[in-house]
Amino acid sequence: MEEAPKVSTEKAAERSRKLLARVGSVEFWSIELPRLIDPWTPNLATSFADDAWLAPWPKVAAYGPLLAALIGLLTPWLWPWMVESYTESVIFLMLAAGGAALNWALGASLLAAYVLGDIGHVLFRSTFLTFRTMGGHAVGYLLLGVLAVRIPQLAARLASGIRLETVDSALRVRVKAALYGAVCAGLVLLWCQGTIVLIRPVFTWPGGSPTDEAIMPVQVHWQWIVAASAVAAVARVILQHRSTSQSSIVSGVPELRETPIADRTRKGSAWRGMTAWARVVLGSSVLTIILAGTYESWMDPVIVLIVSVIAGLWRNGLLGKVPPSWMELTGRIPPVIRMVIVPFAGYLFANFILNIFWSTGSLRPVMVGALVTVVLFYVFFPIRSQRSRVAIT
Amino acid sequence: MYSLFAFMWRELRTLPRPAMKLWWEGAVSLCFIGALVLLMPVVVFASNCSSLDDCWGMARGAAAAAAGAGVAAAASSDGADSDGSGGDTSGGADGD
């Protein structure tokens, strides 16, 4: 009779060991987990799959995302200066921006764990939890997602648009490092500027006001966050180059790197199952929620939703056709240059209307400026079919 | 700015000594990042944030926030509203 519990305990211990070994492996983070979530959240899956470039250093690849997850999970509970929002800590923002630029999987696991940790923390300390409180925090999670998941991916795509045609591989790597670092820095800077106003729902939806502690890190100490991102991005390109050169002598690494790519047919399959109209409306809804910090009345989100849906439909070729001459022109301008033009033009427009309406004190001109920047982004980055991409290049 | 740095890169390639080349390339890389980080936010001066005036003090600070908010919002939905591939942000080249 005493043997049965002993056997079951041993089995449970064995199972736990196997689970731990599985989670603590590079294959789990760069293949199994991305495959699991790829149909639903392709961007998050891409970030987790990025762990594969660290394969020559398996322990770093396996334990890095675990460590990032631990930091994300415990920070809302244990970090003494973080009360309402992650923007209260410059160090956390540096970790998020720098970690994500260094290895996308670090950013993804930090984000996922932070969301879980923060929800638990909010539930624990709130005696009466309202939809408005959780809604405000959800806007904060979306913003953190932009910093920790979207910016490194977007920066890599933008930087890949410019290539130095030279046989000197060292020079090519340095140019790539400088470019990726610069694009990451620029995007993180824009994120910091936008977050000053976009983080407001975390405070205003439950009925409070944004605190100085939550705004100062992104408004005053943004240099540290931008610098962390730029340095990490440069380090990533250099380390990735070393990883590639080491891969030829480490067996199994090229296969590991190719495996997630070979599964492209499943990428975002849940999204592709939807009609293009539904995807545009859903994308515009996310955009409308993100811009919530700039709203003054119920009319504002309605305007943002309508304008972004119309612009999104046009961009996707569902509402009129993007002129081929414009497609050709934008195709000739490197994406990174277009990415400089868009915020600069948006800034000039916002500055113009803010000077006119400054005395009103209303945030609406900020909303209009942001919306115009979104439309400019859509205009300068039209969606072209794979066939036309090949034709242009 | 891009043209200036592209010109500098091209000139650097003609330098004869590898060690000197390395130093100059490092310096140009840092300058490029520094220029982007320092020149763009010259427009931003602010101290705290409770209303439009208190928040930024100047229209250009609020305008920078508007531009940043627009890019952050567009980046968040880019890919969600298409087939998952996003807009033409890669310029036709392959990503990493």
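A:Ala155 touches A:Tyr180, A:Val183, A:Cys184, A:Leu187 and A:Ala233, leaving aside residues up to four places away in sequence. Two residues touch, or are in contact, if their C-beta atoms, placed from the backbone, lie within 7 Å. The model is a predicted one, in which local features need pLDDT of at least 70, side-chain atom pairs count only at pLDDT 80 or more, and totals for chains, interfaces and linings use all residues. Residues are numbered from 1 along each chain as its sequence is written, while chains are lettered from A and ligands numbered from 1 in the order in which they are written.

A:Ala155 sits in helix α7 of chain A. Helices (H or I, at least four residues) and strands (E, at least two) are DSSP runs, numbered from the N terminus. A:Ala155 is buried, because 29 other C-beta atoms lie within 10 Å. A residue is buried if 20 or more other C-beta atoms lie within 10 Å of its own, exposed if 12 or fewer, and partly exposed in between; here too, C-beta atoms are placed from the backbone. A:Ala155 and A:Leu179 are 24 residues apart along the chain, and their C-alpha atoms are separated by 9.0 Å.

Chain A has 19 helices and 0 strands. Of its 393 residues, 49% are buried. Consider contacts in chain A between residues at least 6 apart in sequence: 77% of them join residues at least 24 apart. Chain B has 4 helices and 0 strands. Its elements run α-α-α-α from the N terminus on. Buried residues account for 46% of the 96 residues in chain B. Among contacts in chain B between residues at least 6 apart in sequence, 6% join residues at least 24 apart.

In the contact between them, 14 residues of domain 1 of chain A meet 13 residues of domain 2 of chain A. On the domain 1 side, α7 (131-159) and α8 (169-198) of chain A each supply at least two residues. The most comes from α7(A), with 5 residues. By class, this side of domain 1 of chain A has 12 nonpolar, 1 polar and 1 charged residues. Ala, Val, Leu, Ile, Met, Phe, Trp, Tyr, Cys and Pro count as nonpolar, Asp, Glu, Lys and Arg as charged, and the others, Gly among them, as polar.

Two packed helices are described by the angle between their axes and the distance between the axes. Axes are lines fitted to C-alpha atoms, for helices over the stretch in contact, and angles run from 0 to 180 degrees between N-to-C directions. The axes of α7(A) and α14(A) (residues 276-290) come within 9 Å and cross at roughly 110 degrees. The two helices α7(A) and α14(A) are therefore roughly perpendicular. Angles of 65 to 115 degrees count as roughly perpendicular, under 35 as roughly parallel, over 145 as roughly antiparallel and the rest as oblique. A:Val139, A:Leu142 and A:Leu143 in α7(A) meet A:Val286, A:Ile289 and A:Ile290 in α14(A). This contact has 6 nonpolar, no polar and no charged residues.

A second pair joins the chains. α8(A) packs against α4(B) (residues 59-77) at an angle of about 100 degrees, with the axes 7 Å apart. That makes α8(A) roughly perpendicular to α4(B). The residues from α8(A) are A:Leu190, A:Trp191, A:Gln193, A:Gly194, A:Ile196, A:Val197 and A:Leu198, and they meet B:Ala64, B:Ala65, B:Ala67, B:Gly68, B:Ala69, B:Val71 and B:Ala72 in α4(B). Of the residues in this contact, 11 are nonpolar, 3 polar and none charged.

In α8(A), 25 of the 30 residues are buried, so the helix is largely enclosed by the rest of the structure. At 1.5 Å a residue, α8(A) should span 44 Å, and its end C-alpha atoms are 42 Å apart, which agrees. The expected span of a helix is 1.5 Å times one less than its number of residues. Buried residues of α17(A) include A:Pro335, A:Arg338, A:Tyr347 and A:Leu354. The buried residues of α17(A) pack against α7, α8, α16 (324-332) and α18 (364-380) of chain A, together with α4 of chain B.
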